[in-house]
Amino acid sequence: MRSSPFKKVLVANRGEIALRVICACKELGIRTVAVYSEADRYSLHVRFADEAICIGPAKSTRSYLDIPAVISAAEITDADALHPGYGFLSENARFADVCEVSGIRFIGPSPEVIRLMGVKERARAAMKAAGVPILPGSDGVLETCDEALEVAERIGYPLIIKASAGGGGRGMRIVNGAADMPAQFAQARQEAQAAFGCPDVYLEKYIQAPRHIEFQVLADGQGHVEVLGERECTIQRRHQKLIEESPSPSLRPELRSRVSATLREAVKAVGYTNAGTVEFLMDEAGDLYFIEVNARIQVEHPVTEMVTGLDLVKAQILIAAGCPLSEVLDGPVTFSGHSIECRINAEHPETFAPSPGRITALNLPGGIGVRVDTAAYVDGVISPFYDSLVAKLVTKGRDRLEAVRRMQRALEMFVVEGIHTSIPLQRRILADPDFLSGDFDTNFIKRFGPAAGGNAARS
Ligand code: ADP
């Protein structure tokens, strides 16, 4: 890999992903600037960056989401590029615009592409036009309930109403029949307005027992695209991923090749650059349908790194610096073995209530084929202000069984005291016969208790 022309990258994030970006920069010989809120003064990303600037109080709207504060930090420190991580400002097209006009290279797709992908029904239309299969649904935003009823008549129930600006598994409502439509339609619009500041909604066919399968793509600014296989993210709770793996235990090789070939063209057609994830649902017949694009690095990117040996964050930085994909990849992409990631969240394993607090004891598992991405340490505090991810525990084996066995023993050796975590739940999932056989859909988690089965997309 060629060294990057960036001298200094500002990391506009916190927690494990901020550390992850700092690791990539250090290996590329790039200096780093951390930004932090008052609550994060003692965080590891602050400690390991070359420079650190406090950008405001704990509340993220006044710190990590405060565009002028983040841009000022980049200007004061003379950073020539900015990595947004995931969440916070990572998919905010206006922020990417502001970076560009301020002369700071945004490490991600262009503002235009972020904007297109952020409006979900527009992304659907663009992908459809590029030959990617989408679920039957409305052609665009639905203004009235009558319009929704008309579309429903055409495609049949059950349906799902989704917020055009939706994200994070929020703002979805299932409609089982025409009688439900008026109430669900009105509520979906209200919720979309409250959560995302935009009432626009669209309709999609609801798949009762889907699997979630997503493809990792990398594209440079010169029209070269690589599809780095898929991740299976079907083990979810309230539409939030809990376990991810690569390759998927359910995807037919023929379908993988077909979808990868289609995506190579589609990514080019929409002008997508840098790293991105194209998400699909697999229906009961085993066919894939596009649902959305995440125009950023994903939480679960390590499982792709483990099976390809590539560093996706370094790849993002090099692509943003203008490096052609051929140099970033340094030869043909090869896949080996199987990788699994368990998200370790600070939450009660049965009630799923958040469990922030001080970590009093910690043992991180290690050994062959085990990777832990975390910003946790003994005496460190899991703050109630931010998301509850404490660590990503990732294993790799020569095959799925070895990756599973490694995950089982790593979960056993993962000790966190002072807060509750999802480790006990993950251990139960890793012992479940259907998980072990790879036979599951997004309803899988319901067997782990009523709190787990609660569905954010209320019907
Ligand atoms: P978000 O952007 O909020 O994450 P997505 O469109 O990616 O929303 O969907 C998140 C999850 O919601 C999916 O992984 C799946 O579990 C569920 N879901 C979304 N669309 C459908 C659908 N049409 N049918 C069934 N489940 C769906």
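Tutor: Two strands pair if DSSP finds at least two bridges between them. Helices (H or I, at least four residues) and strands (E, at least two) are DSSP runs, numbered from the N terminus. This is a predicted model: local features need pLDDT of at least 70, side-chain atom pairs count only at pLDDT 80 or more, and totals for chains, interfaces and linings use all residues. Residues are numbered from 1 along each chain as its sequence is written, and side-chain values use heavy atoms, with hydrogens and water left out.

Student: Where are the domains of the protein?

Tutor: Domain bounds come from an automatic or database domain assignment. Here domain 1 covers 8-107, domain 2 covers 136-205 and domain 3 covers 211-452. Over C-alpha atoms, the centres of domain 1 and domain 2 are 35 Å apart.

Student: How do I read a sheet? What is the order of the open sheet of three strands?

Tutor: Strands of a sheet pair through backbone hydrogen bonds, either parallel or antiparallel. In this sheet the order is E7-E6-E8, and the pairing is antiparallel. Strand E7 (172-175) and strand E8 (201-205) are the edges; each has a single partner strand, so one side of each lacks a neighbour in the sheet.

Student: How many bridges join strand E6 and E7?

Tutor: Four bridges, in the antiparallel sense, with E6 spanning residues 159-163. Look at Ile160: its bridge partner in E7 is Ile174. Helix H6 (residues 120-129) packs on this sheet and touches E6 and E8 (contact means heavy atoms within 4.5 Å). The direction of H6 makes about 50° with that of E8.

Student: What is the order in the open sheet of five strands?

Tutor: E3-E2-E1-E4-E5, with parallel pairing. Strand E3 (51-56) and strand E5 (105-106) stand at the edges with a single partner strand each, so one side of each has no neighbour in the sheet. Strand E1 (residues 8-11) runs parallel to strand E2 (residues 31-37), joined by four bridges. In E2, Thr32 stands opposite Val9. H1 packs on the sheet, where it touches E1, E2 and strand E4 (81-83). The direction of H1 makes about 170° with that of E1.

Student: What lines the largest cavity?

Tutor: Its lining includes Met117, Met127, Tyr272 and Val293. Its volume is about 40 Å³. Strand E12 (residues 274-282) gives the most to the lining, with three residues.

Student: What volume does the second largest cavity have?

Tutor: About 30 Å³. Among the residues lining the second largest cavity are His83, Pro109, Arg296 and Gln316. Domain 1 and domain 3 each supply at least three residues to this lining.

Student: And which elements give two or more residues to the lining of the second largest pocket?

Tutor: That pocket has a volume of about 170 Å³. The elements are helix H1 (15-28) and strand E17 (370-374). Glu16, Arg20, Arg371 and Asp373 are among the lining residues.

Notes
On a 1 Å grid over the protein atoms alone, a cavity is a set of points where a 1.4 Å probe fits but cannot get out, and a pocket is an open set with protein on both sides within 12 Å along at least five of seven lines; lining residues have an atom within 4 Å of a point. Grid points are joined across faces, edges and corners, and a volume is the space filled by probe spheres set on the points. Axes are lines fitted to C-alpha atoms, for helices over the stretch in contact, and angles run from 0 to 180 degrees between N-to-C directions.
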